[in-house]
Amino acid sequence: MAGNNPPTDPLVTTERVYAAREMAAEDGVDLLVFTPGSDLRYLSGYNAHAMERLTALAVPRQGEPFLVVPRLEAPMVDAGPAGALGLELLAWDETDDPFALLAGAATGRLGTTPARVAVGGRTWAEHALGIQRALPGSALELANPIVDRLRMVKSAAEVEELAAAGAAIDRVHARMAEWLRVGRTEAEVGADIAAAILEEGHVGVDFTIVGSGPNGASPHHELSDRAIGAGDLVVVDIGGVTATGYRSDCTRTYVVGGSADDEVAEWYGVLHAAQRAATEAVRPGVTAEQIDEAARAVIRDAGWGEHFIHRTGHGIGLDTHEAPYIVEGNALPLSPGMAFSVEPGIYLAGRCGARIEDIVVCTEDGVRVLNEVSRELVELAG
Ligand code: ZN
Ligand code: ZN
């Protein structure tokens, strides 16, 4: 919500929006437009509430960037981080056409109608199409190739925000024995975890996945009324958002009220080795798909390859899932500052599953792991 905005955000500087402008000019894109969401927050510091009224940051490839905002929000925006950056505000009244206002100002700065207009990937269709209608003859495309290049590489300050988020979610996992017990339902456990996510240093809960027994074989299973049985494996994948907007995301697998049998212990050991191999492979120049393969090869070679049914990871920052994606086919070389999850899993349909997930950061000479809570299959008394 906009009300959460500090008056200035030390994480956001004008360098970001000017870097985006320079990249647009290099790529031959005439105009970048960002509506409420993480791109807007990243570039301007403005954590805007998404709604039908148009709020947009416009970055023409020449001239000053500007913000189009509803008149009723202009004082608030001016008093917030975007105002502190000195971005020009163009306020529109309830009966004005905000798309025409944006189009006119951008055309004025460019001296001509923009031909290539790039919008953030999560722009609402009604806004994207409104922009295009106001700029006849323009072609819309995604701004991701530009803004992702900036957002993928975290500054030292951003890495510290992700580290704080990682420490916060580690504290929640460390308390799991308080809630995860035989006879309780996944929904009951999930409600307790959600409260703890807030208690331990987040301002919002992003997701609580508690996959017990056969539900653990469905990677994005959330919560159900299934009661946890003695000896169940339980996949717990949880994350939240901190006050500065940075996210946590960490998975551990538990065995409740029993211990793992030999077969589970064997393939969990394979999973653990795969997660370690991928983490240890992280360094500048290695490609995203090589990290995926480092995990996948261990699982495949041990004979469990068909049970690892998703990519190895995703970037994380102001969004839980963002570039770079750690997946076969992504030949992007890693560079220092890239932050992403390493989260292989093994899923046995109808029976159970396990996943181990850490957030890691590529450093100048290797890797920094932001989650430190034990990666063993943790046995809880139940
Ligand atoms: Zn996760
Ligand atoms: Zn994840």
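View 1. Helix α5 covers residues 98–110, which makes 13 residues, and it spans 18 Å from its first C-alpha to its last. This is close to the 18 Å expected at 1.5 Å a residue, where the expected span is 1.5 Å times one less than the number of residues. Helices (H or I, at least four residues) and strands (E, at least two) are DSSP runs numbered from the N terminus. The model is predicted, with residues numbered from 1 along each chain as its sequence is written, chains lettered from A and ligands numbered from 1 in the order in which they are written. Local features need pLDDT of at least 70 and side-chain atom pairs count only at pLDDT 80 or more, while totals for chains, interfaces and linings use all residues; side-chain values use heavy atoms, without hydrogens and water.

**View 2. The buried residues and the ends of α5.** Pro98, Phe99, Leu102, Ala103, Ala105, Ala106 and Leu110 are the buried residues of this helix; buried means under 20% relative accessible area, exposed over 50%, and partly exposed in between (1.4 Å probe, protein chains only). They pack against strands β1 (31–34), β2 (56–60), β3 (66–70) and β4 (88–92), and against helix α6 (125–134), a contact being heavy atoms within 4.5 Å. At the start of α5, a side-chain oxygen of Asp97 comes to within 2.9 Å of the backbone nitrogen of Phe99. Gly111 follows α5 and has a positive phi, near 80°.

**View 3. The site of the zinc ion (ligand 1).** Asp237 (OD), Asp237 (OD), Asp249 (OD) and Glu357 (OE) coordinate the zinc ion (ligand 1) at 2.0 to 2.4 Å. Donors are N, O and S atoms within 2.8 Å of the metal (3.2 Å for Na, K and Ca), and water is not among the atoms, so sites may look incomplete. The angles among the four donor atoms run from 57 to 146°, and the site is irregular. Four donors count as tetrahedral if all angles lie between 85 and 135 degrees; four count as square planar and six as octahedral if opposite donors are over 155 degrees apart and all others between 65 and 115; anything else is irregular.

**View 4. Asp249 between two zinc ions.** Asp249 bridges the zinc ion (ligand 1) and the zinc ion (ligand 2), which lie 3.0 Å apart. Asp237 lies in strand β8 (residues 232–241) and Asp249 in the loop between β8 and β9 (250–256), so the pair ties together parts that are twelve residues apart in sequence. Both Asp237 and Asp249 are buried.

**View 5. The salt bridge of Arg151 and Asp319.** The closest N and O atoms of this pair are 3.1 Å apart; a salt bridge is a side-chain nitrogen of Lys or Arg within 4 Å of a carboxyl oxygen of Asp or Glu. Arg151 is in helix α7 (residues 144–152) and Asp319 in the loop between β10 (313–315) and β11 (322–326), so the pair ties together parts that are 168 residues apart in sequence. Arg151 is buried, with a relative accessible area of 7%, and Asp319 is buried at 15%.

**View 6. The salt bridge of Arg351 and Glu263.** These side chains meet at 2.7 Å, N to O. Arg351 sits in the loop between β13 (345–348) and β14 (352–355) and Glu263 in helix α10 (residues 262–280), so the pair ties together parts that are 88 residues apart in sequence. Arg351 is partly exposed at 44% relative accessible area, and Glu263 is partly exposed at 34%.

Key. A polar contact is a pair of N or O atoms within 3.5 Å; within protein, one must be able to donate a hydrogen and the other to accept it, and residues adjacent in sequence count only if both atoms are side-chain atoms.
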